[in-house]
Amino acid sequence: MPWSFRSSTPTWLRMSSCSWEMGQLHHNPGEETRLEMDKFPFVALSKTYNTNAQVPDSAGTATAYLCGVKANEGTVGVSAATERSRCNTTQGNEVTSILRWAKDAGKSVGIVTTTRVNHATPSAAYAHSADRDWYSDNEMPPEALSQGCKDIAYQLMHNIRDIEVIMGGGRKYMYPKNKTDVEYETDEKARGTRLDGLDLVDIWKSFKPRHKHSHFVWNRTELLALDLYNVDYLLGLFEPGDMQYELNRNNVTDPSLSEMVTVAIQILQKNPRGFFLLVEGGRIDHGHHEGKAKQALHEAVEMDQAIGQAGIMTSSEDTLTVVTADHSHVFTFGGYTPRGNSIFGLAPMLSDTDKKPFTAILYGNGPGYKVVGGERENVSMVDYAHNNYQAQSAVPLRHETHGGEDVAVFSKGPMAHLLHGVHEQNYIPHVMAYAACIGANLDHCAPASSAGSLAAGPLLLPLALFPLSVLF
Ligand SMILES: [Zn+2]
């Protein structure tokens, strides 16, 4: 049942902007457009702080909503007893994720992201690392290597060897140092990074049973040509690092998020015991960090389309779908704009203080801070509707920061009502596990006679509530 969708960012604000943008893309004024996530019957708020940070990062938050415990910023798949970057505080403090609980219950599992597959969010589903930046051994300090910690790409292939679907970016972390990239042959930055000389794609293949069909693809054409009835395991790595923004996407080499989700569900749905799928629209976050609101919002619209596609392919009779963000951003929308105004446009008045126009979208901090001749830049002199326009910010920073406010959680399907009200972020996976009868707390799943028995799996669920094809 549950499967979870997650996007770096949507708070209420962001989702509202997203619906305007979606409406305006369809040549409507925009305000009245309903996003797919707006149609979900239950809404809650999630408190996103990390154990050591008011304004969180994606590593600590992913650990919360995937593993069910809050963690320190920068750490993935470990409890708060692990200190960032300190390898020797990892052992004994590992925590497991809902992806692992689903796999242990015999369900199929998948990860789809627009970032690197070893980026913070997906890595909390399978890795235990004191530092989210340990993408491959090349990024690890010698001390951590000598203490026996493993990089996140290595852990992706070794920790849970039968993840059915892995799709996103991150090719370079899978190959030996300096190996030429298959797509960007002349780009040195796209080359393999691994100091240990391993070919993790080969290792991924070698771990799959001989009689099963496992496929590695690196471009959209190969992906869409697959006969999915004959795919048991799929590894798709479409870029050396993160995938391209949707607005810049190459339609030959890069699938969209909704295309990846469609393929993933088709593969995962073959398991009669159900599935868990984590979908991340991870570049929403990157667009905001760059102050590029248009990029961020187009990512969010694509995420919403993926949610709609997933809704068509599943039933809320037996599938719990949860849509949330890991954290917010310091992104605002204001200025008393009239109905129908482009959301990337100007407020209808000049500032009554510096007598200059301003855009409706602004950031609290970030790279869009611009002073020209000692004064705030006059935005009417620049192309503020450009895809890469960086909206003005109050404080100059090379990278805009996350925000600390609560984020929304939308849910539909079995037990979705448990996500209603204001919750700690780490409550979320416990709801999904409870609904799917996986993980540690199974007392409510079994008939009274065998209550508490781990052997009482999901198939003993009351059928009225969960048909056999229950899924995750
Ligand atoms: Zn971020």
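Student: Why is the arrangement of the four donor atoms around the zinc ion called irregular?

Tutor: In this predicted model, where local features need pLDDT of at least 70, side-chain atom pairs count only at pLDDT 80 or more and totals for chains, interfaces and linings use all residues, the angles run from 58 to 153°.

Student: What makes Asp 285, His 289 and His 402 donors of the zinc ion?

Tutor: Donors are N, O and S atoms within 2.8 Å of the metal (3.2 Å for Na, K and Ca), with water not among the atoms, and two OD atoms of Asp 285 together with NE2 of His 289 and of His 402 lie 2.0 to 2.3 Å from the zinc ion. Side-chain values use heavy atoms, without hydrogens or water, and residues are numbered from 1 along each chain as its sequence is written.

Student: How are the donor residues spaced in sequence?

Tutor: The spacing is D-x3-H-x112-H, and Asp 285 in helix H10 (residues 283–289) is 117 residues from His 402 in strand E15 (residues 402–403), so that the pair links distant parts of the chain; helices (at least four residues) and strands (at least two) are DSSP runs.

Student: Are Asp 285 and His 402 buried or exposed?

Tutor: Both Asp 285 and His 402 are buried, a word that means under 20% relative accessible area, against over 50% for exposed (1.4 Å probe, protein chains only).

Note on methods
Four donors count as tetrahedral if all angles lie between 85 and 135 degrees; four count as square planar and six as octahedral if opposite donors are over 155 degrees apart and all others between 65 and 115; anything else is irregular.
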